[in-house]
Amino acid sequence: MSANPSVSNASNRAAPGAIAILVSALLGGMAGGVAWCFLSLWLPWFAQFWIVPIAIVLAASARWQGYRGSVAIVCTLLAVLIAFAYAQYLFGAVRIADSMGLSLREALFKAGFGLTFDIAWANLRASDWVALVLAILTGAVTSAVSLRA
């Protein structure tokens, strides 16, 4: 315990390591990708732009985990990119399942990574890239802004 009780223990914490940042980004990004896929299937209007509020949640999650400054921004950007890639992969699997009359689980296991990736890549449009840029910018700003006044 510190001699001065008014000093918080936050200053005693070690800087987060690269592994911790990568794991946080990976887990957050995969959860964000699944959430985006489910939201897009449930509410298909402007489905590609669901990544923007998910980027805000990922940035808030990075801040909640204690990341600050450039570390929070890097963690958020990695998570947004992972969420984008994973959701596009899931969208490709959904297209395969829909066209072949398979369940999503069967499509994920039977189609293979190559075919699913090719279908996901072929179905990317300009609006998807615009949504990704908006999500990156929104996530970076959200993770950089302090929630305390």
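A residue is called buried when its relative accessible area is under 20%, exposed when it is over 50%, and partly exposed in between (1.4 Å probe, protein chains only). The model is predicted, so local features need pLDDT of at least 70 and side-chain atom pairs count only at pLDDT 80 or more, while totals for chains, interfaces and linings use all residues. Residues are numbered from 1 along each chain as its sequence is written, and side-chain values use heavy atoms, with hydrogens and water left out.

**Overall layout**

- The chain has five helices and zero strands; helices (H or I, at least four residues) and strands (E, at least two) are DSSP runs, numbered from the N terminus.
- Along the sequence, this gives the pattern α-α-α-α-α.
- Of the 149 residues in the chain, 33% are buried.

**The nonpolar surface patch**

- Phe 113, Phe 117, Trp 121 and Trp 129 make a nonpolar surface patch of about 490 Å².
- Patches are made of residues with over 30% relative accessible area and no salt bridge; nonpolar side chains (Val, Leu, Ile, Met, Phe, Trp, Tyr) are joined within 5 Å, and like charges within 9 Å.
- The areas themselves come from the Shrake-Rupley method with a 1.4 Å probe, and for residues only the protein chains shown count as cover.
- Helix 4 (residues 104-122) gives the largest share of the patch, three residues.
- Trp 121 is exposed because its relative accessibility is 53%, whereas Trp 129 is partly exposed because its value is 37%.

**Aromatic pairs and the cluster**

- The structure holds seven aromatic pairs; rings of Phe, Tyr and Trp (its six-membered ring) pair if their centres lie within 6.5 Å, and planes under 30 degrees apart count as stacked, over 60 as edge-to-face and the rest as tilted.
- One of the pairs is Phe 113 with Phe 117, which is stacked at 5.8 Å centre to centre with 20° between the planes.
- Phe 113 and Phe 117 are separated by about one helical turn because they sit four residues apart in helix 4.
- Phe 117 is partly exposed, with a relative accessible area of 41%.
- Trp 121 and Trp 129 form an edge-to-face pair, 6.1 Å centre to centre and with 70° between the planes.
- One aromatic cluster takes in Trp 36, Phe 84, Tyr 89, Phe 91, Phe 113, Phe 117, Trp 121 and Trp 129.

**The nonpolar core**

- The largest nonpolar core has 24 residues, and those with the most contacts inside it are Trp 36, Ile 51, Leu 58, Tyr 67, Cys 75, Val 80 and Ala 135.
- Such a core is a set of buried Ala, Val, Leu, Ile, Met, Phe, Trp, Tyr and Cys residues joined through side-chain atoms within 4.5 Å.
- Helix 1 (18-42), helix 2 (51-64), helix 3 (69-100) and helix 5 (126-144) are the elements that give two or more residues to this core.
- Helix 3 supplies the largest share of the core, nine residues.

**Cysteines**

- How many disulfides are there? The count comes to zero, taking a disulfide as a pair of cysteine sulfur atoms within 2.5 Å.
- As a reminder, a disulfide is a covalent bond between the sulfur atoms of two cysteines.
- Cys 37 is buried, with a relative accessible area of 4%, and Cys 75 is buried at 3%.

**The salt bridge**

- The count is one salt bridge, which here requires a side-chain nitrogen of Lys or Arg within 4 Å of a carboxyl oxygen of Asp or Glu.
- Glu 106 and Lys 110 form the salt bridge, with their closest N and O atoms 3.8 Å apart.
- Glu 106 and Lys 110 lie four residues apart in helix 4, so about one helical turn separates them.
- Glu 106 is partly exposed at 32% relative accessible area, while Lys 110 is exposed at 61%.

**Two more residues to look at**

- Ala 120 is in helix 4 and is buried, with a relative accessible area of 6%.
- Ala 120 and Ala 87 are 33 residues apart in sequence and 9.2 Å apart in space, C-alpha to C-alpha.
- Phe 46 sits in the loop between helix 1 and helix 2, and its phi is near 50°, a positive value in a residue other than glycine.
- Phe 46 counts as exposed because its relative accessible area is 63%.
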